[in-house]
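Please open the structure in your viewer and keep the selection panel at hand. We will walk through it one stop at a time.

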There are 2 protein chains.
Amino acid sequence: MSVNKVDLKEKFSLFKEHWQPKVVGELNGQYVKLAKLKGEFVWHQHDNEDELFMVIKGKLKIKLRDRDIDLDEGQFFIVPRGVEHLPIADEEVHVMLFEPKSVLNTGDKKNERTVDHLDRI
Amino acid sequence: MSVNKVDLKEKFSLFKEHWQPKVVGELNGQYVKLAKLKGEFVWHQHDNEDELFMVIKGKLKIKLRDRDIDLDEGQFFIVPRGVEHLPIADEEVHVMLFEPKSVLNTGDKKNERTVDHLDRI
C-alpha cells in the first residue's frame, strides 16, 4: 500500500495511452485508478462490482441503455453492478476510477480492449 | 444507491458546518463523503479501515506520529488502518473521503467530535 501522497496531475503526466487504467492507490480491497480515455469503448457490465467514474479533466459521456450521463470536471457517477454502460470521450478525458480490485476493465466481455495486467504508477 | 451524477461544487454548496461528513455516494460497501474542515481535529485511528483524504479545495495537513502529510488541491493520501492521524486545516478545506461504511469519524475515540448520524446530501 502506498504510504505517500498522490498528486493526480503528476500521475497523469506519467502515461499517455488511452483505455489503460493505472493503479495509484489501494484501500479496503478497492483500487483507485487513473485513466485517459478517448473515443468509444465497448458496451459491458460488471456483474458484482459498482464502479465510480470521476472526471478530473475534460468531459465524459457514459451511455446507459436507457439514458446518457454527461460528466464534466468535478463530477462523478457510480455505475451500479449489473448495469450495461459504454464510456465515450469525444476529446481526451482524464478520469479517476474507484472500484474493487477484482474489476476487469471490459467487465463481462473479453476482447482486444481487455487489460489483463494493471500497471501501478 | 444514487443513480444520478454528483457535482462536487454543488454538493459543497449545500452545507457549511465543519467536521460533519456528508454521504454523496455509496459503492461496494464504501461511502464517498464530502466534508469541510477547519481547525484541528483529534488524534485517532481506524483499526480496521483504510481512509482516503482527497483535497478538492484548499490545503490539508494530516499529522502522523512520525511525519506530516501536506495536501494541496488534486492530491490525496490514504491513511492505512491502525495508523494514528490528526487532520489540521489552518483555513477551511474541502475534502472528499473514501472509506468503508463502518468508519466512525473519530475512529477509536468517542467524544464530542463523534458524528453518530451521517447525513446524505
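Here is a short tour of this predicted model, from the whole pair down to single residues.

**Stop 1: both chains.** Colour chain A and chain B separately. Chain B can be laid on chain A with an RMSD of 0.0 Å, using a turn of 180° and a shift of 0.0 Å along the axis. That is how a two-fold axis relates its copies. The same surface serves both copies, since 100% of the contact residues of chain B recur in chain A.

**Stop 2: where the chains touch.** Next, select the contact residues: 25 residues of chain B are in contact with 25 residues of chain A. On the side of chain B, the elements giving two or more residues include β1 (6-7), α1 (8-12) and β8 (85-100). β7(B) provides the largest share of that side, with four residues.

**Stop 3: a pairing across the chains.** Select strand β7 (residues 75-79) of chain A together with β1(B); two bridges join them, and they run antiparallel. Which residue of β1(B) is the bridge partner of Q75(A)? Zoom in and you will meet D7(B).

**Stop 4: a pairing within chain B.** Finally, select strand β5 (residues 60-64) of chain B and β6(B), an antiparallel pair joined by four bridges. Show L60(B), whose bridge partner in β6(B) is L71(B). Then follow the chain from β5(B) to β6(B): a hairpin makes the link through three residues.

Key:
Residues are numbered from 1 along each chain as its sequence is written. Chains are lettered from A and ligands numbered from 1 in the order in which they are written. This is a predicted model: local features need pLDDT of at least 70, side-chain atom pairs count only at pLDDT 80 or more; totals for chains, interfaces and linings use all residues. Copies are superposed by least squares on the C-alpha atoms of residues with pLDDT of at least 70 in both. Two residues are in contact if their C-beta atoms, placed from the backbone, lie within 7 Å. Two strands pair if DSSP finds at least two bridges between them.
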